[in-house]
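I opened a notebook page for this structure.

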Amino acid sequence: RHPPALPKRSAVGSLLTDGHNVTLDDPTAAVLFPAEEIEFWRDAGLYYFVPCVAKDGTSAVLALGRKDSGDPLNSEDMALLAAVAGQIATALENARLYRQLHLKAVEIDRMRAFNENILESLDGGLLVVDLDDRVVRWNRALEQCYGVSHADAVGRALDDLFDPLFVETIRAARRDTPEGAT
(Lines give C-alpha, C1' and ligand atoms only; values in the text may rest on other atoms or scores of the structure.)
Protein backbone atom coordinates (compact mmCIF):
# COMPACT_ATOMS: atom_id res chain seq x y z
CA ARG A 1 0.00 0.00 0.00
CA HIS A 2 1.35 3.42 -0.94
CA PRO A 3 1.22 6.23 1.60
CA PRO A 4 -0.97 9.20 0.79
CA ALA A 5 0.51 12.32 -0.74
CA LEU A 6 1.97 14.83 1.68
CA PRO A 7 0.91 18.34 0.63
CA LYS A 8 3.56 20.99 1.28
CA ARG A 9 0.87 23.39 2.44
CA SER A 10 -0.45 21.10 5.15
CA ALA A 11 0.70 21.78 8.70
CA VAL A 12 2.90 18.66 8.67
CA GLY A 13 4.18 19.41 5.15
CA SER A 14 5.19 22.97 5.97
CA LEU A 15 7.27 21.89 8.98
CA LEU A 16 8.95 19.17 6.90
CA THR A 17 9.65 21.64 4.09
CA ASP A 18 11.43 23.78 6.67
CA GLY A 19 13.56 20.78 7.69
CA HIS A 20 11.88 19.87 10.99
CA ASN A 21 11.02 16.36 12.18
CA VAL A 22 7.36 15.71 12.91
CA THR A 23 6.35 13.26 15.63
CA LEU A 24 2.60 12.68 15.94
CA ASP A 25 3.20 10.64 19.14
CA ASP A 26 4.47 13.82 20.79
CA PRO A 27 1.77 15.43 22.99
CA THR A 28 2.54 18.85 21.43
CA ALA A 29 1.32 17.51 18.06
CA ALA A 30 -2.25 18.22 19.18
CA VAL A 31 -1.35 21.89 19.53
CA LEU A 32 0.69 22.13 16.30
CA PHE A 33 -1.59 20.28 13.88
CA PRO A 34 -5.31 20.16 13.15
CA ALA A 35 -7.01 17.10 14.63
CA GLU A 36 -8.17 15.97 11.16
CA GLU A 37 -4.60 15.94 9.88
CA ILE A 38 -3.34 13.95 12.87
CA GLU A 39 -6.17 11.44 12.44
CA PHE A 40 -5.51 11.18 8.70
CA TRP A 41 -1.86 10.22 9.22
CA ARG A 42 -2.56 7.91 12.15
CA ASP A 43 -5.22 6.12 10.09
CA ALA A 44 -2.55 5.66 7.41
CA GLY A 45 -0.28 4.14 10.09
CA LEU A 46 2.20 7.01 9.97
CA TYR A 47 3.39 8.71 13.15
CA TYR A 48 6.90 9.94 12.33
CA PHE A 49 8.14 12.12 9.50
CA VAL A 50 11.84 12.81 8.99
CA PRO A 51 12.86 15.24 6.22
CA CYS A 52 15.79 14.42 3.96
CA VAL A 53 17.45 17.83 3.83
CA ALA A 54 20.21 18.81 1.41
CA LYS A 55 21.60 22.24 0.54
CA ASP A 56 18.55 23.01 -1.64
CA GLY A 57 16.07 22.09 1.09
CA THR A 58 13.90 19.06 1.76
CA SER A 59 14.06 16.61 -1.13
CA ALA A 60 12.21 13.65 0.37
CA VAL A 61 10.54 12.54 3.59
CA LEU A 62 10.86 9.33 5.55
CA ALA A 63 7.35 8.53 6.82
CA LEU A 64 7.22 5.78 9.42
CA GLY A 65 4.86 3.98 11.71
CA ARG A 66 5.50 2.69 15.19
CA LYS A 67 7.67 -0.30 16.06
CA ASP A 68 6.25 -3.77 15.36
CA SER A 69 5.46 -4.01 19.07
CA GLY A 70 3.31 -0.87 18.77
CA ASP A 71 5.73 1.10 20.93
CA PRO A 72 6.69 4.62 19.85
CA LEU A 73 10.15 5.36 18.48
CA ASN A 74 12.63 6.67 21.04
CA SER A 75 15.22 9.43 20.73
CA GLU A 76 17.93 6.95 19.63
CA ASP A 77 15.65 5.69 16.85
CA MET A 78 14.98 9.26 15.73
CA ALA A 79 18.69 10.15 15.80
CA LEU A 80 19.45 7.13 13.61
CA LEU A 81 16.64 8.08 11.22
CA ALA A 82 17.95 11.65 11.02
CA ALA A 83 21.40 10.33 10.08
CA VAL A 84 19.90 8.02 7.45
CA ALA A 85 17.76 10.89 6.12
CA GLY A 86 20.90 13.01 5.67
CA GLN A 87 22.53 10.21 3.68
CA ILE A 88 19.40 9.82 1.56
CA ALA A 89 19.34 13.56 0.86
CA THR A 90 22.98 13.43 -0.25
CA ALA A 91 22.29 10.41 -2.47
CA LEU A 92 19.29 12.12 -4.05
CA GLU A 93 21.28 15.30 -4.67
CA ASN A 94 24.12 13.29 -6.22
CA ALA A 95 21.64 11.45 -8.44
CA ARG A 96 20.12 14.74 -9.55
CA LEU A 97 23.55 16.19 -10.35
CA TYR A 98 24.59 13.01 -12.15
CA ARG A 99 21.43 13.16 -14.28
CA GLN A 100 22.11 16.80 -15.16
CA LEU A 101 25.69 15.93 -16.07
CA HIS A 102 24.53 12.97 -18.14
CA LEU A 103 22.02 15.14 -20.04
CA LYS A 104 24.71 17.74 -20.74
CA ALA A 105 27.10 15.03 -21.95
CA VAL A 106 24.42 13.68 -24.30
CA GLU A 107 23.77 17.21 -25.59
CA ILE A 108 27.49 17.83 -26.12
CA ASP A 109 27.83 14.49 -27.92
CA ARG A 110 24.94 15.41 -30.25
CA MET A 111 26.54 18.79 -30.96
CA ARG A 112 29.90 17.11 -31.61
CA ALA A 113 28.30 14.67 -34.06
CA PHE A 114 26.47 17.54 -35.79
CA ASN A 115 29.70 19.54 -36.12
CA GLU A 116 31.53 16.43 -37.30
CA ASN A 117 28.95 15.95 -40.06
CA ILE A 118 29.36 19.56 -41.16
CA LEU A 119 33.15 19.29 -41.26
CA GLU A 120 33.03 16.01 -43.16
CA SER A 121 30.59 17.40 -45.73
CA LEU A 122 32.92 20.26 -46.71
CA ASP A 123 34.26 20.01 -50.26
CA GLY A 124 37.52 21.70 -49.25
CA GLY A 125 40.18 20.14 -47.09
CA LEU A 126 40.05 21.02 -43.43
CA LEU A 127 43.03 20.76 -41.13
CA VAL A 128 42.99 21.61 -37.43
CA VAL A 129 46.21 21.54 -35.43
CA ASP A 130 46.97 22.06 -31.77
CA LEU A 131 49.56 24.47 -30.38
CA ASP A 132 52.27 21.80 -30.77
CA ASP A 133 51.53 21.53 -34.53
CA ARG A 134 49.93 18.10 -34.16
CA VAL A 135 46.89 17.24 -36.28
CA VAL A 136 43.64 17.27 -34.32
CA ARG A 137 41.20 17.21 -37.26
CA TRP A 138 41.58 15.91 -40.81
CA ASN A 139 38.50 15.64 -43.01
CA ARG A 140 37.64 13.38 -45.98
CA ALA A 141 38.56 16.02 -48.53
CA LEU A 142 42.13 16.04 -47.15
CA GLU A 143 42.16 12.23 -47.20
CA GLN A 144 41.35 12.33 -50.90
CA CYS A 145 43.77 15.17 -51.67
CA TYR A 146 46.81 13.79 -49.79
CA GLY A 147 46.03 10.07 -49.72
CA VAL A 148 46.45 9.95 -45.94
CA SER A 149 43.57 8.59 -43.87
CA HIS A 150 42.07 10.44 -40.94
CA ALA A 151 43.32 7.70 -38.59
CA ASP A 152 46.88 8.00 -39.93
CA ALA A 153 46.92 11.81 -39.83
CA VAL A 154 45.42 12.62 -36.41
CA GLY A 155 48.11 12.98 -33.77
CA ARG A 156 50.97 13.37 -36.22
CA ALA A 157 53.16 16.47 -36.51
CA LEU A 158 52.67 18.78 -39.49
CA ASP A 159 56.32 18.20 -40.44
CA ASP A 160 55.53 14.49 -40.93
CA LEU A 161 52.68 15.19 -43.36
CA PHE A 162 53.58 18.29 -45.40
CA ASP A 163 56.60 19.79 -47.09
CA PRO A 164 58.55 22.42 -45.11
CA LEU A 165 57.32 25.39 -47.20
CA PHE A 166 53.65 24.54 -46.54
CA VAL A 167 54.32 24.00 -42.81
CA GLU A 168 56.05 27.39 -42.59
CA THR A 169 53.05 29.01 -44.34
CA ILE A 170 50.72 27.56 -41.69
CA ARG A 171 53.00 28.74 -38.88
CA ALA A 172 53.25 32.22 -40.40
CA ALA A 173 49.46 32.43 -40.60
CA ARG A 174 49.26 31.48 -36.94
CA ARG A 175 51.81 34.17 -36.01
CA ASP A 176 49.90 36.80 -38.01
CA THR A 177 46.52 35.88 -36.49
CA PRO A 178 47.19 34.02 -33.19
CA GLU A 179 43.50 34.06 -32.25
CA GLY A 180 42.53 32.48 -35.58
CA ALA A 181 40.76 33.85 -38.60
CA THR A 182 37.32 35.40 -38.28
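**Entry 1: Asp133 and its partners.** I looked up Arg171 and found its side chain in a salt bridge with Asp133, at 2.6 Å from N to O. The model is predicted, so I read every value here as computed. The two residues sit in distant parts of the chain, 38 residues apart. Arg171 belongs to helix α8, residues 164-176. Asp133 lies in the loop between β4 (127-129) and β5 (135-138).

Next I checked accessibility. Is Asp133 buried or exposed? Asp133 counts as buried, because its relative accessibility is 9% and the cut-off for buried is under 20%. Arg171 is partly exposed, with a relative accessible area of 25%.

Then I asked which other residue forms a salt bridge with Asp133. I found Arg174, with the closest N and O atoms 2.7 Å apart. This pair also links distant parts of the chain: Arg174 is in helix α8, 41 residues away from Asp133 in the loop between β4 and β5. Arg174 comes out as partly exposed, at 26% relative accessibility.

Entry 2: How many salt bridges does the structure hold? I noted twelve.

**Entry 3: Asp56 and Arg96.** I picked another pair from the salt bridges. Asp56 bonds to Arg96 in a salt bridge, and their closest N and O atoms are 3.5 Å apart. Why does this pair tie together parts that are 40 residues apart in sequence? Asp56 is in the loop between β2 (48-54) and β3 (57-64), while Arg96 is in helix α4 (residues 75-121), so the link spans that separation. Asp56 is exposed, at 57% relative accessibility. Arg96 is partly exposed, with 35% relative accessible area. As a reminder to myself: opposite charges on side chains can pair when the charged atoms come close.

Entry 4: I turned to the strands. What is the strand order in the open sheet of three strands? I wrote down β1-β2-β3, with antiparallel pairing. The edge strands are β1 and β3, since each pairs on one side only.

I went through the pairings one by one. β1 (residues 22-23) pairs with β2 in the antiparallel sense over two bridges. Val22 has Phe49 of β2 as its bridge partner. Thr23 has Tyr48 of β2. A hairpin of two residues connects β2 to β3.

**Entry 5: how enclosed is β2?** I checked burial along this strand. Five of the seven residues of β2 are buried, so the strand is largely enclosed by the rest of the structure. I also looked for a helix over the sheet. Helix α4 lies across β1, β2 and β3 and runs at about 40° to β2.

How values were computed: Residues are numbered from 1 along each chain as its sequence is written. This is a predicted model: local features need pLDDT of at least 70, side-chain atom pairs count only at pLDDT 80 or more; totals for chains, interfaces and linings use all residues. Side-chain values use heavy atoms; hydrogens and water are left out. A salt bridge is a side-chain nitrogen of Lys or Arg within 4 Å of a carboxyl oxygen of Asp or Glu. Helices (H or I, at least four residues) and strands (E, at least two) are DSSP runs, numbered from the N terminus. Buried means under 20% relative accessible area, exposed over 50%, partly exposed in between (1.4 Å probe, protein chains only). Two strands pair if DSSP finds at least two bridges between them. Contact means heavy atoms within 4.5 Å. Axes are lines fitted to C-alpha atoms, for helices over the stretch in contact, and angles run from 0 to 180 degrees between N-to-C directions.
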